[in-house]
Amino acid sequence: MKILVTGGAGFIGSALICHLIAETEHEVVNVDALTYAANLDALEAASESPRYAFEHVDIRDAEAINRVMNEYQPDGIIHLAAESHVDRSIDGPADFIQTNIVGTFNLLEAARAYYEQLESNRKKSFRFHHVSTDEVYGSLGDEGLFTEKTPYAPNSPYSASKAGSDHLVRAWQHTYGVPTVLTNCSNNYGPWQFPEKLIPLMVLNALNGRALPVYGDGQNVRDWLYVEDHARALALVFEQGKTGEHYNIGGLNERTNLELVRTICHELNAIAPDANIGPREALISFVDDRKGHDQRYAIDASKIEHELGWRPIETLESGLKRTIRWILDHPEWAKTARDRGYDGQRLGLAKG
Ligand code: NAD
């Protein structure tokens, strides 16, 4: 199939494209606006392939999206392009509304017009796969898991914008018959993740002997999924998921933020000891909590396991080892973020 992947220069999109090019026969058209979060270097392995094409296009531009659809005539879409960082959504929600909601609307409208004129054979296999987050379900207490039936209760501007886009996808299937599948995934980590996110931020700070700022009391719980496990799940749902369904994807790796940061310290002390820094745990400092910080996310991923046979391969320990090793081997990746103005500063204080 020829798949139009949006956001393919981002953290998860690039892992997905590398997976599709290396492990399948699909062709890929990567549609990306190249925001601060994008990194084309992550696509080095895939971009050599004749089955890969890149379009520097913003999904907020409806005309450009229609042009790409008509030019490439894709057999399906996997939509990842988004503003993705909760803290940035607290500081500046407007971009989240424009890209995550209006951008998704543009894509759905382009997909609808395109789908309606397809001949019946191609109509049968066409699908619009929307990639979303477990944060749309809101926050859990100490017990329970998010299932596909959990009602939506988004709390941050980011999760509200993703929930809005999920609802549009549902409505375009229900009202116009655009064939869709939807996935809601827990927190990802791995190579190429922009270092504003918790794991790469903590690894870089700990490596450099900087403070490790843990929000609040560090007792917020997240379920962590290694990005390559997510990429495999996305390819599987795109190929085999049932039209109109949605699937939760989770790592079966719940940790408090404090436990996670301590594990990172422990790993780095072993892999990259530094006498000047000493044991990294001493760098942990508790800072003001994130505004509206959700307490706990945890995923019941039994549907995708039973229906499609997917399970994560990496444990948090094995995935963290791979991620830390990758960060140590790629000093130029951290420099790229610094060159773009991000050097570990606190975001999300809503100070304008
Ligand atoms: P990312 O921020 O690393 O990458 C986003 C990509 O989208 C970038 O390449 C960026 O240039 C592109 N983009 C942004 N605005 C665009 C626009 N207007 N037009 C075209 N391209 C645009 O994000 P990520 O972590 O790879 O997340 C990808 C998707 O997965 C998002 O939809 C996100 O909501 C979802 N998701 C992420 C996680 C996670 O833990 N990172 C978990 C669950 C779901």
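1. The side chains of D87 and R290 meet in a salt bridge, with 2.8 Å from N to O; a salt bridge here is a side-chain nitrogen of Lys or Arg within 4 Å of a carboxyl oxygen of Asp or Glu. D87 lies in helix α4 (residues 86–91) and R290 in the loop between β12 (284–287) and α11 (302–308), so the pair ties together parts that are 203 residues apart in sequence. Helices (H or I, at least four residues) and strands (E, at least two) are DSSP runs, numbered from the N terminus. Both D87 and R290 are buried, where buried means under 20% relative accessible area, exposed over 50%, and partly exposed in between (1.4 Å probe, protein chains only).

2. The model is a predicted one, in which local features need pLDDT of at least 70 and side-chain atom pairs count only at pLDDT 80 or more, while totals for chains, interfaces and linings use all residues. Residues are numbered from 1 along each chain as its sequence is written, and side-chain values use heavy atoms, with hydrogens and water left out.

3. Within helix α3 (residues 62–72), R67 and E71 lie 4 residues apart, about one turn of the helix, and they form a salt bridge whose closest N and O atoms are 3.1 Å apart. R67 is partly exposed, with a relative accessible area of 36%, and E71 is also partly exposed, at 48%.

4. A further salt bridge pairs D75 with R122, their closest N and O atoms being 3.0 Å apart. D75 lies in the loop between α3 and β4 (76–79) and R122 in helix α6 (residues 120–125), so this pair ties together parts that are 47 residues apart in sequence. R122 is partly exposed, with a relative accessible area of 24%.

5. In total, the structure holds 19 salt bridges.
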